[in-house]
Structures are given as structure tokens and as C-alpha cells.
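The following note is intended for a colleague meeting this structure for the first time. Its points begin with the contact between the chains.

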Amino acid sequence: MNGLYENEMKLEFASKSNNEAFARITVAAFASQLDPTIEELADIKTAVSEAVTNCIIHGYENSEGIVKIVSKIFANSIEIEISDSGKGIENIELARKPLYTSKSNLERSGMGFTIMESFMDEVHIESVVGLGTKITMKKIIKKQELQENEKELDSAELGGR
Amino acid sequence: MNSVFLEKDKTLLVEITEEIDHHTTDKIRRKIDDDITRYMPRKVIFDFDKVSFMDSAGIGMIIGRYKMVNMLGGITQMKNVKKSIRKIFEMSGVVKIIPIIDSMAS
């Protein structure tokens, strides 16, 4: 994940569940500079919501803490880093497994990481027990001009003007 | 969230009107559970038409209600599920146990 970035933002907020909506809407607003499609934007919002929820209920276990988000916009992608200084993940491989949850009593589905992985192009997890967890995700966004060019090509093939 | 109980069909219609995440599910869940225990419906239909966002918290919420209704001998269905939300229900296998009863194109 190297290369020159075109824009960057940092966000810090209290680990309160009503900030889940704030976080995903803020990142989506930042991502909108890349002209994503509605679907791409929905994917980003969902992945951010999953990662932030994990910080709040698993990292801090609903106690007080700070959730940090750093996001960078590159020429054709967005990188989003979401971290907490909470309790950390003991077994990352297990946490990544679909349907695995350490909090089944809370009606958690265990699909958080699976959703992040399928909605984003890259997901990296770094975690140290007792120190915290950092999720780094990347989504490739095709520039709208390219998509429009493709559309023009399509319509040309269909015999349109 | 709005709900209507149709006495004749013993059907509870639940229209969810908020974004569904870990923060909002507590409130939604409590309200639906109240309705289920009050009316003992044969059928519960969740209408997602007004739901603009849902993350994995929605999976646990809907499965939990399904289990409750199922225990009381009723069935659960969903309708007006948008593409972005449908993706989550399909990925998690929810659609296999709680059918989507309409076929909204998008």
C-alpha cells in the first residue's frame, strides 16, 4: 500500500455506538471525491460500520475508548485504516472465520470480517493482545470518466450515436 | 419502526424505517419482541423498503426474531429488500431460512 496519495483525513471519536453512523457517513463523504458508484459507496459504508462496531464491542467491550480512522485517497483507490487501543484479538484466523463470534449472546452473526473481505478489495488485520487492533482496508474505485468511456463504447457497439 | 397486526390473517407486518446497525438494533429488537409476545402472530413479514443501510447487525437481529416466531409455531418472511441489503442476507445464508417474498428487480 505505497504510492503517492492525493488526499488524507484523520478522525477520532469516542467508542459509543451512536458514532457508528457518524463514522460510515464521514468516510463515505470523503470517498465521494473518487466519484464512486452508489454500490461502491454502500460497500464502503458497510465495511466501515463493521470495523467500527468491532472496535466498540470487541476492542473496548463497550467501555470508554477512542476509535481512530485514517483514510487516504489514491488515484483510483481509497485506503481506510480503523484502529482501537482495546484488548486485541487472540486468534485472528478464528476471528476471520465466517459465522465465528465470541459474542453469540449478543445475537452477533460472526459475519463482520467476511463482509469486510467481500466488500473491499484488500483487508489486513494487525492485532496485539492488550494493545489493540488495526484494520486496513482498500477499495479500488474506477474513475467515472473511465466508466463513461466504457458506456460510450457499449452504446457505440449497440449502434447508438 | 412501524408495525400493524392483521387480526384476520394473524400476520404482523413490521416496517423498519431506520438504518440497521449495532446501535439501532437494540431498540428495534425490543419493539418487535413486544409485538410478537402481544399478538402471537402466525406470520411475521419484515418490510425493508425504508431501510437505507444495514450491516451484519441486521443478520443477528432477523435470525433472533425468526427463532422466536418459529418457537411459537409461526413463519417469517421479508420483502422489499434492496440489492445492497440482499447481498448481506445472501452471503450469510439468511435467505435460505427466511424467504424474500417479492422479486424487486434492482
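1. The contact draws 16 residues from chain B and 20 residues from chain A; two residues are in contact if their C-beta atoms, placed from the backbone, lie within 7 Å. On the side of chain B that touches chain A, the elements giving two or more residues are α1 (22–39), α2 (57–71) and α3 (83–91) of chain B. The most comes from α2(B), with 5 residues. Helices (H or I, at least four residues) and strands (E, at least two) are DSSP runs, numbered from the N terminus.

2. This is a predicted model, in which local features need pLDDT of at least 70, side-chain atom pairs count only at pLDDT 80 or more, and totals for chains, interfaces and linings use all residues. Residues are numbered from 1 along each chain as its sequence is written, while chains are lettered from A and ligands numbered from 1 in the order in which they are written.

3. Chain A contains 5 helices and 5 strands, arranged along the sequence as β-α-α-β-β-α-α-β-β-α. Of its 161 residues, 36% count as buried (20 or more other C-beta atoms within 10 Å of a residue's own; exposed means 12 or fewer, partly exposed in between; C-beta atoms are placed from the backbone).

4. Most residues other than glycine have a negative phi. Lys10(B), however, has a positive phi near 50°. Lys10(B) lies in the loop between β1 (2–6) and β2 (11–15) of chain B.

5. Met40(B), also not a glycine, has a positive phi of about 45°. Met40(B) sits in the loop between α1 and β3 (43–47) of chain B. Met40(B) counts as partly exposed because 14 other C-beta atoms lie within 10 Å.
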